[in-house]
Each structure stands twice: as C-alpha cells, then as structure tokens.
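The exercises that follow ask the reader to work from a set of coordinates towards a description of how a chain is packed.

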Amino acid sequence: GNYYAEKGVPKRAMEEYDNAIRFNPNEWMAYFGKGELYGHRDLVNYIENFQKAASLNHGTELPDILGSLAYGYHIAGFPDKARYYSLEKLKLDGDSVSYFSILGLFEMYAQNFEKAKELFKKCIRIDSGNVYHLRELGASYMYNGEYKEAFKYYYRFTTGLEASGKFTLNNTHRIGFVYMKNGYTKEAKSYFDKQI
C-alpha cells in the first residue's frame with residue numbers, strides 16, 4: 001500500500017491497504033495509510049481511519065497519528081476536537097513548539113490572525129532555528145493584509161532556507177505575492193516561476 005501510494009497509484013494503494021486489514025484487522029499502519037489517501041477529499045473516512053489507527057497504536061507513532069486526527073477535525077470544522085487531540089499529542093511527546101504551531105495554524109485558518117501571530121512568535125522564541133515558523137508568521141501577516149511585515153518574515157524564511165541548502169516549493173506563490181506587493185517584481189516573478 002505504501003509503495004503504491006508513493007508511486008501515485010492511490011486506487012491500487014487502497015486495495016493493498018484493504019488486503020492488509022483483511023489479513024490483520026489490527027494493522028494500524030494500513031488504517032494510517034488509508035487515512036492519508038483520503039486526505040481532504042473525504043474527511044469522514046480520513047478521520048475514521050486515523051481514529052482506528054490511534055486506537056490500535058500505543059507506540060512512538062501515536063503522537064503523529066493524533067496530530068493527523070487534530071488536523072482532520074480542524075478541517076472538518078470541529079475546533080474543540082482538534083484542540084483536544086492536539087493537547088493529547090502534547091501530553092505524549094512534550095513538543096510544545098509543535099503544539100503552539102498547530103494551534104497557530106488553526107487560528108490562521110479561522111482568520112484569527114492576531115492570535116496566530118502571537119502563537120507563531122512563541123514558537124520562534126522557543127525554537128529560533130526552525131525557519132518554518134517564520135513562513136507561517138509571514139503568512140499570518142499576509143492574510144491580514146500587512147504586506148510589509150509579511151515581507152520581513154518571508155525574507156528571513158527564504159534566506160534561512162537557502163543558507164541551509166534546502167528549499168521547499170510549498171507556498172512559493174505566496175512569497176511571490178508578498179514580494180510583488182512590496183514592489184520587488186523581479187523577485188516575485190522568480191518565486192512565481194518556482195511555484196509553476
């Protein structure tokens with residue numbers, strides 16, 4: 001199932017996950033894989049499969065499963081459930097940065113930008129080496145129409161990534177948009193081209 005999921009053959013991956021469950025109904029990884037395949041397309045099955053995986057797994061993977069559950073409930077419109085599973089994840093892994101980051105994303109998606117900015121700044125204070133919090137902070141400012149502040153954080157994010165030798169294409173169009181709003185049209189085009 002994982003092989004076909006990675007190869008981009010979701011129908012075959014689903015068949016293999018179902019085979020695994022038929023042979024071993026307690027195989028948490030098959031439910032986890034199915035949950036990932038459903039993604040945003042089918043939140044009911046996404047949540048159902050991650051719920052089943054969480055009920056079967058009591059190992060080191062459980063915090064990640066709970067994080068996926070929190071995300072699913074949030075996207076489905078159940079913020080209280082999302083916060084519950086985020087807190088359960090925190091209790092298991094003690095990762096306060098991840099916890100504040102997840103809550104920050106929830107606030108940003110709910111358009112509570114001031115609260116989102118506060119949470120992402122808290123993440124940066126705790127873990128200043130993680131540039132991805134700069135990206136989310138930049139996005140919070142961008143969505144709130146504060147393009148000068150957004151530029152400041154996106155600039156720090158992109159230079160931090162380039163210094164590390166890594167670069168992610170996720171959200172590159174948003175970075176380009178903020179550069180454009182601040183008058184950097186050549187750089188904006190470069191980011192738009194990267195996204196394309």
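Two residues are taken to be in contact when heavy atoms of theirs lie within 4.5 Å. The model used throughout is a predicted one.

**Exercise 1. Describe the secondary structure of the chain and its overall extent.**

Solution. The secondary structure amounts to twelve helices and zero strands, and the pattern read along the sequence is accordingly α-α-α-α-α-α-α-α-α-α-α-α. Taken along the principal axes, the box filled by the C-alpha atoms is roughly 60 × 35 × 30 Å. Of the 196 residues in the chain, 41% are buried.

**Exercise 2. Determine where threonine 158 lies, whether it is buried or exposed, and which residues it touches.**

Solution. Threonine 158 belongs to helix 10, which spans residues 147-164. Its relative accessible area is 1%, and because buried means under 20%, threonine 158 is classed as buried. Once residues up to four places away in sequence are set aside, threonine 158 touches Phe167, Ile175, Tyr179 and Tyr191. A further distance concerns threonine 172, which is 14 residues from threonine 158 along the chain and whose C-alpha atom is separated from that of threonine 158 by 9.5 Å.

**Exercise 3. Work out how helix 3 and helix 4 are oriented and which residues make their contact.**

Solution. Helix 3 (residues 28-38) packs against helix 4 (residues 43-56) at an angle of about 160°, and their axes are 8 Å apart. Since angles over 145 degrees count as roughly antiparallel, helix 3 is roughly antiparallel to helix 4. The crossing in which helix 3 passes helix 4 is left-handed. On the side of helix 3 the contact is made by Trp28, Tyr31, Phe32, Lys34, Gly35, Glu36 and Tyr38, and on the side of helix 4 by Asn45, Tyr46, Asn49, Phe50, Lys52, Ala53 and Leu56. Sorted by class, this contact has eight nonpolar, three polar and three charged residues.

**Exercise 4. Carry out the analysis for helix 5 and helix 6.**

Solution. The axes of helix 5 (residues 62-76) and helix 6 (residues 79-93) come within 7 Å and cross at roughly 165°, which means that helix 5 is roughly antiparallel to helix 6. Helix 5, too, passes helix 6 in a left-handed crossing. The residues of helix 5 that make the contact include Leu62, Leu66, Leu69 and Tyr73, while those of helix 6 include Ala82, Tyr85, Lys89 and Leu92. By class, the contact has nine nonpolar, three polar and four charged residues.

**Exercise 5. Characterise two loop residues, asparagine 57 and glutamine 111.**

Solution. Asparagine 57 is found in the loop between helix 4 and helix 5, and with 3% relative accessibility it counts as buried. A polar atom of the side chain of asparagine 57 lies 2.7 Å from the backbone nitrogen of glycine 59. Leaving aside neighbours within four places in sequence, asparagine 57 is in contact with Trp28, Leu62 and Ile65; of these, Trp28 also takes part in the contact between helix 3 and helix 4.

Glutamine 111 is placed in the loop between helix 7 (96-109) and helix 8 (113-126), and its relative accessibility of 59% makes it exposed. The phi of glutamine 111 is near 65°, a positive value in a residue other than glycine. Most residues other than glycine have a negative phi.

Definitions and conventions. Residues are numbered from 1 along each chain as its sequence is written. This is a predicted model: local features need pLDDT of at least 70, side-chain atom pairs count only at pLDDT 80 or more; totals for chains, interfaces and linings use all residues. Side-chain values use heavy atoms; hydrogens and water are left out. Axes are lines fitted to C-alpha atoms, for helices over the stretch in contact, and angles run from 0 to 180 degrees between N-to-C directions. Helices (H or I, at least four residues) and strands (E, at least two) are DSSP runs, numbered from the N terminus. Angles under 35 degrees count as roughly parallel, over 145 as roughly antiparallel, 65 to 115 as roughly perpendicular and the rest as oblique. A crossing is left-handed if the near helix is turned anticlockwise from the far one by less than a right angle, and right-handed if clockwise. Ala, Val, Leu, Ile, Met, Phe, Trp, Tyr, Cys and Pro count as nonpolar, Asp, Glu, Lys and Arg as charged, and the others, Gly among them, as polar. Buried means under 20% relative accessible area, exposed over 50%, partly exposed in between (1.4 Å probe, protein chains only). A polar contact is a pair of N or O atoms within 3.5 Å; within protein, one must be able to donate a hydrogen and the other to accept it, and residues adjacent in sequence count only if both atoms are side-chain atoms.
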